[in-house]
Amino acid sequence: MLPEQIKKVIKKYEKRIYNDIPIDEIFTDLKADEVISEDEVSLIMKHNGHKGKNYELIKILKTRDISDYFKLCTTLKNQDIKNAQELGTMLENEANKALLSGNIINDTNVQDFSSTNTAQNSISTNNSDHVDSGFTNQPITSANHAGPAISGMSLRHRKLLQKHAVNIQNNLRSSLSLVVNELYSQSIINFDQKDDIQSEKNDRLKVEALLKILPDCGSEAFDAFVFAIKKHVHAELATSIQN
């Protein structure tokens with residue numbers, strides 16, 4: 001279910017949302033992104049008016065994960081209609097500000113997913129396949145910790161990255177480029193680091209490279225990483241790696 005911060009953004013701009021979402025033009029994209037199902041399309045289409053259809057869409061969206069909200073924003077930005085593009089950009093920017101100011105990355109209550117999304121994004125920490133996490137040869141102990149933080153990232157956050165490295169490897173690969181771009185846009189990683197990650201020959205090595213780079217990216221790197229996962233991958237994974 002969408003966090004309250006996002007619902008407030010929707011409430012603030014609901015008049016423009018109901019007026020400017022080109023609902024008939026975006027059905028295909030929303031179904032392809034699995035934001036709505038075929039049955040929900042039928043439910044929306046029962047409404048005759050444009051605003052009624054959009055009202056039903058937003059009603060459905062409020063029951064979804066936060067990643068579906070951002071999928072809608074992306075879909076709107078990709079439309080040829082200027083009003084839709086502007087709306088998508090505005091909703092995305094307003095949500096980002098609300099999430100950061102509202103400290104949503106520490107909210108462990110946003111875990112109410114539809115059965116469809118949960119089944120397709122199930123998180124498994126017991127995968128039997130061996131995965132090189134990127135931390136295998138980098139044990140973290142008090143012996144090499146000279147203070148409350150090492151190169152900016154706290155020891156606790158470094159240990160969490162190490163603890164959940166396999167889980168991150170198993171679930172981040174398909175959305176890695178989105179997460180990397182998010183970290184770059186937030187100035188957590190620089191262009192050279194972004195290029196180093198993306199130049200690796202496969203997704204496993206790209207995730208490994210990211211996990212090796214993050215501990216040296218400052219005190220805000222872990223929270224930014226969690227935020228990027230919540231936004232582009234799955235809120236449940238973002239929550240799990242914080243504990």
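**Charges, helices and cover**

Guide: The structure holds 16 salt bridges, where a salt bridge is a side-chain nitrogen of Lys or Arg within 4 Å of a carboxyl oxygen of Asp or Glu. This is a predicted model, in which local features need pLDDT of at least 70 and side-chain atom pairs count only at pLDDT 80 or more, while totals for chains, interfaces and linings use all residues. Residues are numbered from 1 along each chain as its sequence is written, and side-chain values use heavy atoms, with hydrogens and water left out.

Visitor: How many helices and strands does the protein have?

Guide: Helices (H or I, at least four residues) and strands (E, at least two) are taken as DSSP runs and numbered from the N terminus. Counted in this way, the protein has two strands, and its helices number 15.

Visitor: What share of the 243 residues counts as buried?

Guide: A residue is called buried when its relative accessible area is under 20%, exposed when it is over 50%, and partly exposed in between, using a 1.4 Å probe and protein chains only. By that rule, the buried share of the 243 residues is 48%.

Visitor: How far apart are the closest N and O atoms in the salt bridge of Arg 204 with Glu 208?

Guide: These two residues are four apart in helix 13 (residues 203–213), so about one helical turn separates them. Arg 204 is partly exposed at 28% relative accessibility, whereas Glu 208 is buried at 9%. Between Arg 204 and Glu 208, the closest N and O atoms are separated by 3.4 Å.

Visitor: Which residues gather in a patch of negative charge on the surface?

Guide: For such a patch, residues must have over 30% relative accessible area and no salt bridge, and like charges are joined within 9 Å. Asp and Glu count as negative, and the place of a charge is taken as CG of Asp or CD of Glu. One of the members, Asp 192, is in helix 12 (residues 191–198) and is exposed, because its relative accessible area is 53%. The patch as a whole brings together Asp 192, Asp 195, Asp 196 and Glu 200.

Visitor: What is the phi of Ser 187?

Guide: Most residues other than glycine have a negative phi. Ser 187 is found in the loop between helix 11 (176–185) and helix 12, and it counts as exposed, because its relative accessibility is 64%. Its phi is positive although the residue is not glycine, with a value near 65°.

Visitor: Where is Glu 34 found?

Guide: Glu 34 also has a positive phi, near 60°. With a relative accessibility of 37%, Glu 34 counts as partly exposed. Its place is the loop between helix 3 (23–32) and helix 4 (38–45).

Visitor: Which residues does Thr 75 touch?

Guide: Thr 75 lies in helix 6 (residues 66–77) and is buried, because its relative accessible area is 4%. Contact means heavy atoms within 4.5 Å. Leaving out residues up to four places away in sequence, Thr 75 touches Ile 26, Asp 29, Leu 30 and Asp 33.

Visitor: What covers the buried residues of helix 10?

Guide: Helix 10 (residues 165–172) is mostly covered, since six of its eight residues are buried. Among them are Ala 165, Ile 168 and Leu 172. The cover includes helix 9 (155–163), helix 11, helix 13, helix 14 and helix 15 (235–240).

Methods: Patch = residues over 30% accessible without salt bridge, like charges linked within 9 Å, V, L, I, M, F, W, Y side chains within 5 Å. Areas by Shrake-Rupley, 256 points an atom, 1.4 Å probe, with all protein chains shown as cover.
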